[in-house]
Amino acid sequence: MEIQISGVKKYYHSEGKIIKALDGVNLTIPANKIFTLLGPSGCGKTTLLRSIVGLETPDEGEIRIGDTIVWSSEKRIDVPTEKRGLGMVFQTYAIWPHMDVFNNVAYPLQNMKLPKDEIVRRVEKTLQFVQLEGFGSRPATRLSGGQQQRVALARALVAEPKVILFDEPLSNLDAKLREETRKELRSFLSELQITAVYVTHDRIEALALSDQIGVMRAGNIIEIGDPKKIYFDSEHQFVADFIGRSNLLPVTIQEQGKDFTKVVSAIGTFTCSKREFPAGSEITLCIRPEFVDLIDPADKGKHQNTLTGRMHTMVFVGEVYESEIMVGDQLIMVKVDPDSKVKEGDEVVVSIAAEHCLLVAR
Ligand SMILES: Nc1ncnc2c1ncn2[C@@H]1O[C@H](COP(=O)(O)OP(=O)(O)OP(=O)(O)O)[C@@H](O)[C@H]1O
């Protein structure tokens, strides 16, 4: 089911200040996809999620789930949480320690007062789906973190909701388990064909899990796109910077060509992927470290956008050296192959293909 959010505002008043947690959010969350709200702490992700669920009452606007208006300030509609047909998984799994796995998962169905045999059938089907078949009588506390998270997922799914919402569900797991659970979750959700709304401030999680990402800043959605669009082709410096390591250089436009834009920075001119900006715009050139190529100085004339500098630092992190080159008085981050012969202090020449010179609004 599609979720439509129109003009939703939520202001908090604290110590004489107004906090604009949601500042007129307009957003369409597509049906049957994994949509992630990504942004730094305090940008309003949880407030938006809780407003969809009905745990938070916005000040203004309208929220529609499928064809049903679940909240509207103007029409004075406020459908209670339990009638919104949603499943929810929280950061703290919120599974009940005094119950076994079966009863944890069965709880929403028992609340709906379904017949006992129907409850057993649906709980078993859901436990099988999350690969916890045969765990029904296990006390919930005698499960690993990843298994507890799957119980929470099963409980959210058992009533067959049309929409499932996740608030940082993996943040209590260690790094390795988080990675595994992320993969599992993606495959569970893809198989179910369900609308999933996922809140995280972890960019890798957002990239790995989502069909679409909505990046939030200060109570607003500033950019929406699939993970590759957000990573490779973002439009705002804030998004480019938040989603991955990048070299950000202030630039001014020198020339708009037919299929390129030429810009000037403190360390030289760059020919970039074409992007139109209003005259006089203050813009930023974003270059990801993985697209800065070390080249043979003798080949300098054959390459675009070359820079000469000195290798400043090289930190070996396994698959690459995370390195920095000093060009003028600007440090440029670059990834260097682990078998490279280059050493700190060497003079080096790098080039960056125009297609990887991304111009973004500040
Ligand atoms: N009950 C409240 N009273 C006052 N301010 C609040 C309240 N709840 C949230 N806020 C403020 O509203 C803003 C948005 O909070 P929210 O929890 O939605 O952000 P978030 O993006 O989910 O952050 P995090 O990733 O840290 O959970 C923050 O500035 C927060 O301090």
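Domain bounds here come from an automatic or database domain assignment. On that basis, this predicted model is divided into domain 1, residues 3-238, and domain 2, residues 245-361. The C-alpha centres of domain 1 and domain 2 are 39 Å apart. Where the domains touch, five residues of domain 1 are in contact with six residues of domain 2. The side of domain 1 that touches domain 2 has three polar and two charged residues, and no nonpolar ones.

Now turn to a pair of helices. Helix H2 covers residues 101-111, and helix H3 covers residues 116-129. H2 and H3 pack with their axes 10 Å apart, at an angle of about 125°. Angles over 145 degrees would count as roughly antiparallel and those of 65 to 115 as roughly perpendicular, so H2 and H3 are oblique to each other. The crossing of H2 past H3 is right-handed. On H2, the contact is made by Phe102, Val105, Ala106, Leu109 and Gln110. H3 brings Ile119, Arg122, Val123, Thr126 and Leu127. By class, the residues of this contact are seven nonpolar, two polar and one charged.

Leucine 55 sits in the loop between helix H1 (45-53) and strand E4 (60-65). Is leucine 55 buried or exposed? Leucine 55 has 12 other C-beta atoms within 10 Å. A residue counts as exposed at 12 or fewer, so leucine 55 is exposed. Leaving aside neighbours within four places in sequence, leucine 55 is in contact with Arg50 and Thr81. Alanine 156 is 101 residues from leucine 55 in sequence, and their C-alpha atoms are 16 Å apart in space.

Terms used: Residues are numbered from 1 along each chain as its sequence is written. This is a predicted model: local features need pLDDT of at least 70, side-chain atom pairs count only at pLDDT 80 or more; totals for chains, interfaces and linings use all residues. Two residues are in contact if their C-beta atoms, placed from the backbone, lie within 7 Å. Ala, Val, Leu, Ile, Met, Phe, Trp, Tyr, Cys and Pro count as nonpolar, Asp, Glu, Lys and Arg as charged, and the others, Gly among them, as polar. Helices (H or I, at least four residues) and strands (E, at least two) are DSSP runs, numbered from the N terminus. A residue is buried if 20 or more other C-beta atoms lie within 10 Å of its own, exposed if 12 or fewer, and partly exposed in between; C-beta atoms are placed from the backbone. Axes are lines fitted to C-alpha atoms, for helices over the stretch in contact, and angles run from 0 to 180 degrees between N-to-C directions. Angles under 35 degrees count as roughly parallel, over 145 as roughly antiparallel, 65 to 115 as roughly perpendicular and the rest as oblique. A crossing is left-handed if the near helix is turned anticlockwise from the far one by less than a right angle, and right-handed if clockwise.
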